[in-house]
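Take the sequence and the fold side by side.

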Amino acid sequence: TLPSTVLGNTQHSEIKAAFQYYTVARGTPLKRLMGDALILATALGHDVFNALDLLDNSTFLEELKFGIGDGLLRYYLYNWRTAAELQPSQVGLVLL
């Protein structure tokens, strides 16, 4: 959860955002698991649900009506050289 302040709006002072980076679905199909996550985020009062298009995430983003953001993420691969440009489906993200 990441609350953000809303400026210049008398109706809303804060937006509450949920984030999903990567999920491994074992017994439940990923689309169903993420649909449930969206319902849970709404029930917990989140206004926005953000997800990255890493690895298998692209399999559910369009079907669950995720909109493409207006920004561009750059991934820094410390001390790595790649022969070609990597596609998002080839990148995993580890948060420490």
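Phe49 and Phe66 are both buried, where buried means under 20% relative accessible area, exposed over 50%, and partly exposed in between (1.4 Å probe, protein chains only). This is a predicted model, in which local features need pLDDT of at least 70, side-chain atom pairs count only at pLDDT 80 or more, and totals for chains, interfaces and linings use all residues. Residues are numbered from 1 along each chain as its sequence is written, and side-chain values use heavy atoms, with hydrogens and water left out.

How do the rings sit? The structure holds two aromatic pairs. Rings of Phe, Tyr and Trp (its six-membered ring) pair if their centres lie within 6.5 Å; planes under 30 degrees apart count as stacked, over 60 as edge-to-face, and the rest as tilted. The ring centres of Phe49 and Phe66 are 6.0 Å apart, and the planes stand at 70 degrees, so this pair is edge-to-face. It joins distant parts of the chain: Phe49 sits in strand S3 (residues 48–51), Phe66 in the segment after helix H2 (58–61), and 17 residues separate them. Phe60 and Phe66 form an edge-to-face pair too, because their ring centres are 6.0 Å apart and their planes are at 70 degrees. Both Phe60 and Phe66 are buried.

The largest nonpolar core has eight residues: Ala18, Leu30, Met34, Ala41, Phe49, Phe60, Leu61 and Phe66. A nonpolar core here is a set of buried Ala, Val, Leu, Ile, Met, Phe, Trp, Tyr and Cys residues joined through side-chain atoms within 4.5 Å. H1 and H2 are the elements that give two or more residues to this core. H1 gives the most, with three residues. In soluble globular proteins, nonpolar side chains tend to be buried together.

Now look at Met34, one of the core residues. What does Met34 touch, leaving out residues up to four places away in sequence? The list is Gln20, Thr23, Phe49, Phe60 and Leu64, with contact meaning heavy atoms within 4.5 Å.

Move to Leu38, in helix H1 (residues 30–43). Leu38 is partly exposed, because its relative accessible area is 22%. Beyond its neighbours within four places in sequence, Leu38 contacts Phe49, Leu64 and Phe66. Ala18 lies 20 residues from Leu38 in sequence, and the two C-alpha atoms are 9.1 Å apart.

Thr42 is also placed in helix H1. Is Thr42 buried or exposed? It is exposed, because its relative accessible area is 58%. Thr42 and Ala18 are 24 residues apart along the chain, with 9.4 Å between their C-alpha atoms.

His46 is buried, because its relative accessible area is 13%. Its contacts, not counting residues up to four places away in sequence, are Thr1, Lys16, Ala17, Ala18 and Ala41. Ala18 and Ala41 are among the core residues.

Next, the charged groups. A search of the whole structure finds one salt bridge, meaning a side-chain nitrogen of Lys or Arg within 4 Å of a carboxyl oxygen of Asp or Glu. The partners are Glu63 and Lys31, at 2.8 Å from N to O. This pair too links distant parts of the chain: Glu63 is in the segment after H2, Lys31 is in helix H1, and they are 32 residues apart. Lys31 counts as partly exposed, because its relative accessibility is 38%.

Step back to the whole chain. Its secondary structure comes to two helices and three strands, in the order β-β-α-β-α along the sequence. Helices (H or I, at least four residues) and strands (E, at least two) are DSSP runs, numbered from the N terminus. The chain has 96 residues, and buried ones make up 17% of them. Of the contacts between residues at least 6 apart in sequence, 59% join residues at least 24 apart.

Last, confidence. The chain averages a pLDDT of 83, and 88% of the residues score at least 70; pLDDT is the predictor's confidence in each residue, from 0 to 100. Confidence is lowest in strand S1 (residues 2–5), at a mean of 84, and highest in H1, at 93.
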